[in-house]
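Me: Hey, I've just opened this one and I'm new to it. Could you walk me through it?

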Amino acid sequence: MDIVVCVKRVPLTEEVDLVIDEQKKGIKKDQLAFVLNDWDNYAIEEAILLKEKHGGTVTAITVGNEDDEEVLRRSLAMGADRAVRIEVGDTSRFDSFGISKMLSRVVKDLPFDLVFTGVLADDDYCGMVGMMMAEQLGIDHANMVTAIEIEDGKARTTSELEGGLGEVSLIELPALLAIQTGINEPRYVSILGIRKAAKKELKIMDLSDLGIPDEELSPRAIIDEVYLPPETEGAQILAGDPDKIASDFVEILTKKGVME
Amino acid sequence: MHYKVQPALEHYLGIPGFLITLFILLGGLALFLYIIYKRYLLLRPAKPDLRLDSLWHRFYDLIVYGILQKRQPRYLWIGILHILIFWGFVALALRTTTLYGLGLKAEFVLPFMGGSLGEFYHLLKDIFEIMVLFACIAAILRRAISRPARYEFKHGKAHKFHAYLVLGLISFLMVTDIAMDGSGILLGEDRAYWLPAAQSASYLLNGLGQDTLKTVYLWNYWLHILSIMVFLNYLPLGKHFHIITAIPNVFLRKLNKGSIKPPRWDVENIEDLDSLGVERVEDFTWKHILDFYTCTECGRCSDNCPANTVGRPLSPMEVTLKIRDHAYESKPIFSLAGKGGSQDQGLPLIGNVLEPDEIWSCTTCGACEEECPVFIEYIDKMVDLRRHMVESAMIPKDFQDALLRFEKTGNPFGKPPAKRADWVNELDDVSVKILEEGDEVDVLYFVDSYASFDPQIQQVAMAIVRGLNKAGVAFGILGPGESDSAHQVRRLGEEGLFQFLVEENMEAFKTCSFKEIVTTDPHAFNTLKNDYPGNWIVKHYTEFFLPLIESGRLKPTKSLDNGGIYTYHDPCYLGRHNDIYEAPRKILASIPGIRIVEMERNRDRSFCCGGGDVNLFYDIEEEEMRMGEKRVAMAHEAGATVIVTACPFCLLNFDDAIKTSGLEGEMKVVDLMELFVSTI
Amino acid sequence: MSELFVIVEHRLGEIREITFEMLWKAGELAQEHSHTVTAILLGHEVNPIAESISDRADKIIIFDDERLKNFNADIYKEAIAGLIEESKPTLTLIGNTSWGMELAPCLAVRAGLPLATDCIDIMFKDDKIIAQRQMYSGKIFSNVSFASSAGYILTIRSGVFSKDRIGDRQAEIVKKDFPLKDVPLKKDFIEFVETAAGDIDITQAELLVSVGRGIGEEENIPLVKELAEALNGVVSCSRPIVDKNWLPKYLQVGTSGKSVSPKVYIAVGISGAFQHLAGISGAGTIIAINKDPKAPIFRTADYGIVDDLFKILPVLKDKVLETKKG
């Protein structure tokens, strides 16, 4: 059972006040801490669990620069056998489409039964790379996977749908699965574990190794500008009689898309 | 004195007495050596430990704690009983030797013991024998009638049989020797002094014929020297092994309280290790295994353990005994096959012998180590077990998130390091210097994470800063350059992360120069002083401010007149681990108009608030009440309305506990510095 | 005059609300920029669904076939790609739902069109399409434009647009033959399952109604549970509630509990202690209900109701149920 897992290093933004950079196309990242994207953490863990159950290998792969190797080392420390980094200089030149093309190009040459990606990345929240790769690789796929079982060359997956519903499917391998959080409990890796994982194989490839013509990687979706959401002065207090308050309350919930 | 009966010269079935003695003596010793060898085999594969430093200190402690048994009277009456039995035993050693001698050679006498010294000793031994006999009987009755709760086990049944057996054996030894002496008197042995025990025995034996008396004498003799060999060989089989191992165990005790041992004493770089921490018994150091041998099953540790008291799965004594029994089972004395594990290795402890929550329940408060009369260590073992659990990912998810936040942001909240000194901006009356490269100050104020980010504890930091300012101290803080002291991280078992954070802080310390470090919290104080490499002067704020208060540089001007009754709670890492009990009390007492009461459990018997490590990130499910609630109840019982503490975690835990105990309005908790500064 | 495609999402015979929302926005764009709205409906025996949107689109293209009984991204992709090639719509809107997120990227690659996901608004700026979306858990907004192309695909976030009808339309129904007679189904639909309510993972919940000490007594917790049920949300709590053993530990939010990131977090009777707030820093919208106007939670919450929770909770619950029925 050979599994390739695509991982991404994203900034930790929970407690931080984000600052827009000078070009207004991104945020200032120099003061931020970076972690393995939460969804990818679950994906790696799931791959390791399947490897422990069925044997085989797990390869972790990312597009990024030297700093991004941190997430590969973490993946190796969790139990991946080898890692690949695709060096492309400034990653912000590429959009999800370009990233997926690069990843597919490399994955195509690896032996694999399954490709895992996280459903989303914590920074851009696009959720496109996985399914694009599936299409580019011409393999079957499932999204928002919360359970996987392998039986006779097929994967029985449960995908998370809205409202507490799940969808069970039987998919032929090789396949690509976008992994949803909560599918498992990712194991802890200690600092010592990560230091020791540095001994495992980490291959570096660059754009020239991929042989994709530049035009094919040019972004199809471009960020024009980013900006902060409009300021709020603490909580907006809902006023009026109970009925009015209740109406406002329901309106807010509707706007947030949780009134289904 | 001379003896009327010579066991060495008797004949039994043609075999002369001295041969029988020889046989008993050599046979007994040979068996004993074999048993000791088997016990040694468990120590052999164990990890190294460095225990031969500070020899004078060790000898001194040996006398105070080993011979004078200073810790015994912490439980007063039984402590006294034990001291009597122990000293009795020591005193009777000469008698025992003499008795064996008499079995080998008629009229055997030890050097110097021929004349009046010997006679005097004979009196002494007689009195001691009464003392020991009565002490043993008292101990047996106490066990049987008042059944002290701390002898019971939480899980399984305690081996009380052994206690009765040994007390019985000792009593038997006393009785046989007294009977010997008693019949000896009736047989015409004359002594320089009137021997109370022997005389009493002789009254009981009065009326028996000379031949019968001789038989009585000899029976008691042979039974006695046989029983001693039985006793000796019985020792290593159970808790009475401590009779042999306690003295070395006390001598080899851990001298540097508060610090945590490195993963391996003989390996500097943890990356070179295949595994970290303790998985199986042989991963412990030999001293820790000696600890297991030495447990007397007295239960004092568990009796004082706050985790045990609030119903958590942890009972320190049982942890020790379970590991001990498992170790004995895996390398038994009298059979070839080990039960559990191979001949070479024990089983992994977690899951087979111990449960994870037992280990996570410990708050490292040190109450167990403070009580143990034979100086068994617990904290290092807990940390070693946790180290293994961390490396094998056997840790609760809540820890993982906290540890990741420590790693990425240098604080457990995940707050950006750049904001670490933002609290300084809320101070309009004092300006705080954030140290930059090359700055020189007298005092580096190490704020640490909670005081930097938690609004409640920021108030404590502000009070400290006001105090420093008022006293005219030249101080500064590291601000964003400061990382968490990593005290919790190390005690949670994440040694790699601890080393990483230590390195970060060491780098920050190098950039400026200072004479001493003052900390907000006892945990940071403890680790900077005891765990970090380098030797600065590190003080907790109480130690630092006391001289300033005593010299008048800081003077309270307002008096407290609010009718509150104050009590001081000793934080574990200030009190027990670092012996700082009086400085905070003096600071408190310096406040005019303050009314202070002392809780029953104070100073080294203080009761942990719930802790500032595991407690922050993971809640043990199995628990009857929170430690904080228990302690608040103690304060309430002592008549206090305000609990004063010098540790931020105590502050937070008590604040919570007061609310959940329903005592909000009746009681409150305040930090010592905040209180003091409010009176300046 | 070009078309705006809207892919109809439906499940178990019922149309999903996102469809109405997309049709509304498409309708708005159509009015402003002279397009027509074409709904694409794939399924089996879907006439009732077509009925329900007949006044919201100019055209409804229906593929009605047994093989379309269950959603399959590959099949939808092939069918829609064919339509896109034929009609070259300016925009194709798909719901940013579990199914939509599977379909859209595959379709984008298959049809060779640019894609932006999770859009919360669509704007035309000098003939260019700009999609507005969020990044970094909603902390940053971004405007995305596209490389010049014959058409663009956007997935739309639920609940952002109105579900109302816009404009006056009468859809032309076009039934088409399902073109892919021989597409092998590599993925078999097995069944739908309901997730058990037993061991709840609050970190996965979309909506949390969280109860704090303000609830007073254990007997009052059902008030909170009722509101949660009405909203299809999950009950969580702060530390003191767990301490009292009123709710199990796995429902605790905070530093020594769980960190949650729901779309909406309703804090009932929670003061907003630092340790609790740490657990909700990832929450989307926080609505706090507390009778103390100075409670710290109001500094962090987005919306606040300063009232006695015992009085206001039942009113909120009733309103929610009323709205859902209507």
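**A first look around**

Reply: Helices (H or I, at least four residues) and strands (E, at least two) are DSSP runs, numbered from the N terminus. This is a predicted model, where local features need pLDDT of at least 70, side-chain atom pairs count only at pLDDT 80 or more, and totals for chains, interfaces and linings use all residues. Residues are numbered from 1 along each chain as its sequence is written, chains are lettered from A and ligands numbered from 1 in the order in which they are written, and side-chain values use heavy atoms, leaving out hydrogens and water.

Me: What does chain C span along its principal axes?

Reply: Its C-alpha trace spans about 65 × 45 × 35 Å. Of the 326 residues in chain C, 59% count as buried. Buried means under 20% relative accessible area, exposed over 50%, and partly exposed in between (1.4 Å probe, protein chains only).

Me: And what's the accessible surface of chain C?

Reply: About 12,900 Å², with 47% of that belonging to carbon and sulfur atoms. Those areas come from the Shrake-Rupley method with a 1.4 Å probe, and for residues only the protein chains shown count as cover.

Me: OK, and chain A?

Reply: Chain A comes to 7 helices and 13 strands. Its C-alpha trace spans about 65 × 45 × 40 Å along the principal axes, and 57% of its 260 residues count as buried. The accessible surface of chain A is about 10,700 Å², and carbon and sulfur atoms hold 47% of it.

Me: How many of the contacts in chain A join residues at least 24 apart?

Reply: 70%, taken among contacts between residues at least 6 apart in sequence. Contact here means heavy atoms within 4.5 Å. For chain C, the share worked out in that way is 62%.

Me: Switching topic: where's the largest nonpolar core, and which residues touch the most other members?

Reply: That core has 149 residues, and B:Trp360, B:Trp423, B:Tyr445, B:Phe509 and B:Phe545 touch the most other members. Helix 19 (residues 455–470) of chain B gives the largest share, 8 residues. A nonpolar core is a set of buried Ala, Val, Leu, Ile, Met, Phe, Trp, Tyr and Cys residues joined through side-chain atoms within 4.5 Å.

Me: What is B:Tyr445 in contact with?

Reply: Leaving aside neighbours within four places in sequence, its contacts include B:Trp423, B:Ala461, B:Ile464, B:Leu468, B:Phe475 and B:Val518. There's also a second, separate core of 57 residues, and C:Ile202, C:Val242, C:Val268 and C:Ile270 are among them.

Me: While we're in chain C, is C:Thr155 buried or exposed?

Reply: Buried, with a relative accessible area of 0%. C:Thr155 sits in strand 11 (residues 152–156) of chain C. Its side chain reaches the backbone nitrogen of C:Asp118 at 2.8 Å. Beyond four places in sequence, the residues in contact with C:Thr155 include C:Ile94, C:Gly95, C:Leu115 and C:Cys119.

Me: Back to chain B. What does the side chain of B:Ser302 do?

Reply: It makes a polar contact with the side chain of B:Ser315 at 2.8 Å. A polar contact is a pair of N or O atoms within 3.5 Å; within protein, one must be able to donate a hydrogen and the other to accept it, and residues adjacent in sequence count only if both atoms are side-chain atoms. The B:Ser302 side chain also reaches the backbone nitrogen of B:Met317, at 3.0 Å. B:Ser302 lies in helix 10 (residues 300–304) of chain B and counts as buried at 6% relative accessibility.

Me: Which residues have a positive phi?

Reply: B:Ala486 is one of them, near 75°, and C:Asn232 is another, at about 60°. B:Ala486 counts as buried at 0% relative accessibility, whereas C:Asn232 counts as exposed at 60%.
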